[in-house]
Amino acid sequence: MSTNNHYDVIIIGSGAGGGTMARALAPTGKHILILERGGFLPRERENWDTKSVAVNKRYASGETWYFDDKPFRPSHPHYFVGGSTKLYGAALIRLRERDFEEVKHAGGISPAWPISYDDLEPYYTQAERWYYVHGQAGIDPTEPKRSEPFPYPPLAHEPRIQQLNDDLKRLGYNPFPLPMGVNLGNENGEQGPLTVLSNFDGYPDPTESKADAHVIGIKPALQYDNVTLKTHSYVERLETDGSGRKVNRVVVKQDDGTRIVYTADWVIVAAGAINSAALFLRSKNEFHPDGLANKSGLVGCNYMSNNNATFIAISKEPNDAIFEKTLALADFYWGSEEWPYPMGFIQMLGKVDEVAMAFESPQPLNGMTYAEMAAHSLDFWLQSEDLPDPNNRVRLNANNEIVFHYQRNNVEAHQRLTDKLKSLLSYIGCHEHLIPVDFYLGTQFPYNTAHQMGTMKMGIDPQTSVLDPYCRPHQLENVFVTDGSFMVSSGSVNPTLTIIAQTLRVADFIKHKVL
């Protein structure tokens with residue numbers, strides 16, 4: 001085993017990128033150290049308590065960031081083994097082929113990636129197998145080509161969602177089963193965990209049926225004796241050797257304030273798009289005076305988070321669904337007859353309850369109680385593309401604290417998507433009113449730090465990008481970055497499956513070309 005704190009590979013972060021990388025590299029036999037700044041998320045009664053999770057933010061980090069000079073407490077990311085996937089909604093959706101190409105939007109240009117959809121397709125397939133993705137191909141008119149069908153059948157619609165599906169089809173649209181990562185326990189003919197979906201979307205899952213990076217990535221990796229996990233280990237900085245081309249020291253600060261230095265032949269950074277950029281900026285030295293691998297000046301720039309919004313419609317008929325998150329609609333992904341530009345993606349969410357409704361709604365609607373509103377709610381998630389802008393960025397202040405600046409863009413596309421949903425309400429059995437809520441995101445714009453992407457984007461040219469197409473910083477030889485930092489554009493779907501797929505692609509490169 002490793003001695004003197006030296007490892008073959010150090011992985012920083014245990015979320016979608018770090019957890020997946022750990023599982024992918026574990027069978028190599030290389031001595032691997034996973035560093036996670038948080039601990040294990042406790043399995044407790046509060047996991048499924050709406051007031052604890054959504055209102056009191058029990059699982060938020062509690063740290064202070066700054067929006068320009070205004071302090072705020074971000075609701076994302078979450079610092080646990082498994083990262084933010086411990087509370088994510090597990091919608092695992094592929095980007096479309098055109099998302100990897102240059103696309104003209106009403107708000108500007110979405111740039112082309114240095115890789116194509118075809119480069120990622122086999123890794124999307126592998127990711128769907130690992131993360132128990134349930135879905136059905138052949139319905140969504142915008143879906144990308146697939147080499148294999150979904151590994152598991154779609155989650156069944158409950159009656160009110162089936163009615164919504166039928167209403168949308170009657171209107172000429174193409175609703176389809178939302179791809180979801182969940183282990184129902186019977187996928188391989190075996191009896192698995194108790195699956196409870198009522199408090200699943202945005203909640204911790206003590207049953208471990210949610211396909212999160214702890215359950216799918218870290219736990220299988222730790223079955224190998226060559227893999228070590230150290231929790232409560234905050235990576236303070238990365239230090240380079242005398243050439244400035246290799247990271248040879250990883251400086252860790254523990255919860256008690258003591259510091260430990262680890263060394264490694266290879267370092268994978270997967271701390272999340274904001275924290276990875278902050279780590280590189282904290283690690284400036286004589287060879288990298290503006291931050292590690294920041295010769296381009298782009299480390300921390302081009303932050304994206306999607307234009308996300310949650311709306312509740314009040315159904316005229318009761319909605320007794322336990323779990324609504326089984327339906328999606330992409331008919332407006334690339335626009336409509338009236339609007340030639342991309343608009344985005346519509347999907348269902350879990351299910352709001354009386355506590356969340358009372359927390360979000362300023363007053364009951366149409367004389368209903370909050371309980372009645374919750375019993376009639378249809379919960380929608382709308383997502384449009386957030387275009388990369390170098391002025392949307394992460395930097396550090398004099399105290400090395402995270403300073404965040406973000407200005408929404410491509411807003412008209414998102415408004416038109418919202419208007420499209422509103423125009424459908426009377427045809428899908430709902431009152432013609434949408435209630436905007438943000439319990440799912442935790443904090444709305446400008447402090448929305450969910451779906452972090454783009455702060456160390458990939459590219460061919462070292463002057464206009466930070467990472468190469470295999471996520472290696474242009475100015476470093478032994479480092480890879482496998483979280484949402486690498487993404488060149490955001491698309492209009494959840495980025496998690498793309499992060500997992502690119503991580504698997506990079507892991508293949510490391511196994512065959514590096515180790």
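Me: Which strands form a hairpin with 6 residues between them?
Reply: Strands here are DSSP runs of E, at least two residues long, and helices are runs of H or I, at least four, all numbered from the N terminus. S11 and S12 form the hairpin, and Gly244 in its turn has a positive phi of about 75°. The model is predicted: local features need pLDDT of at least 70, side-chain atom pairs count only at pLDDT 80 or more, and totals for chains, interfaces and linings use all residues. Residues are numbered from 1 along each chain as its sequence is written, and side-chain values use heavy atoms, without hydrogens or water.

Me: How many bridges join S11 to S12?
Reply: Two strands pair if DSSP finds at least two bridges between them. Here 7 bridges join S11 (residues 233-240) to S12 (residues 247-254), and the two run antiparallel. Leu238 stands opposite Val250 in S12.

Me: What does Leu238 touch?
Reply: Contact means heavy atoms within 4.5 Å. Leaving out residues up to four places away in sequence, Leu238 touches several residues, among them Ile12, Val269, Phe280 and Leu292.

Me: Which residues touch the most other members of the largest nonpolar core?
Reply: In soluble globular proteins, nonpolar side chains tend to be buried together. A nonpolar core is a set of buried Ala, Val, Leu, Ile, Met, Phe, Trp, Tyr and Cys residues joined through side-chain atoms within 4.5 Å. Buried means under 20% relative accessible area (1.4 Å probe, protein chains only). Here the largest core has 113 residues, and Tyr131, Leu238 and Phe280 touch the most other members. Helix H10 (residues 496-514) gives the largest share of this core, 10 residues. A second, separate core of 25 residues includes Ala313, Phe332, Met348 and Leu421.

Me: In what order do the 4 strands of the open sheet stand?
Reply: The order is S4-S3-S19-S18, with mixed pairing. Strands S4 (70-72) and S18 (393-396) are the edges, as each pairs on one side only. S18 pairs with S19 (residues 402-405) in the antiparallel sense over 4 bridges. Arg395 has Val403 in S19 as its bridge partner.

Me: Which helix packs on the sheet?
Reply: Helix H6 (residues 273-282) does, touching S3 (65-67), S18 and S19. Axes are lines fitted to C-alpha atoms, for helices over the stretch in contact, and angles run from 0 to 180 degrees between N-to-C directions. The direction of H6 makes about 40° with that of S18.

Methods
Buried means under 20% relative accessible area, exposed over 50%, partly exposed in between (1.4 Å probe, protein chains only).
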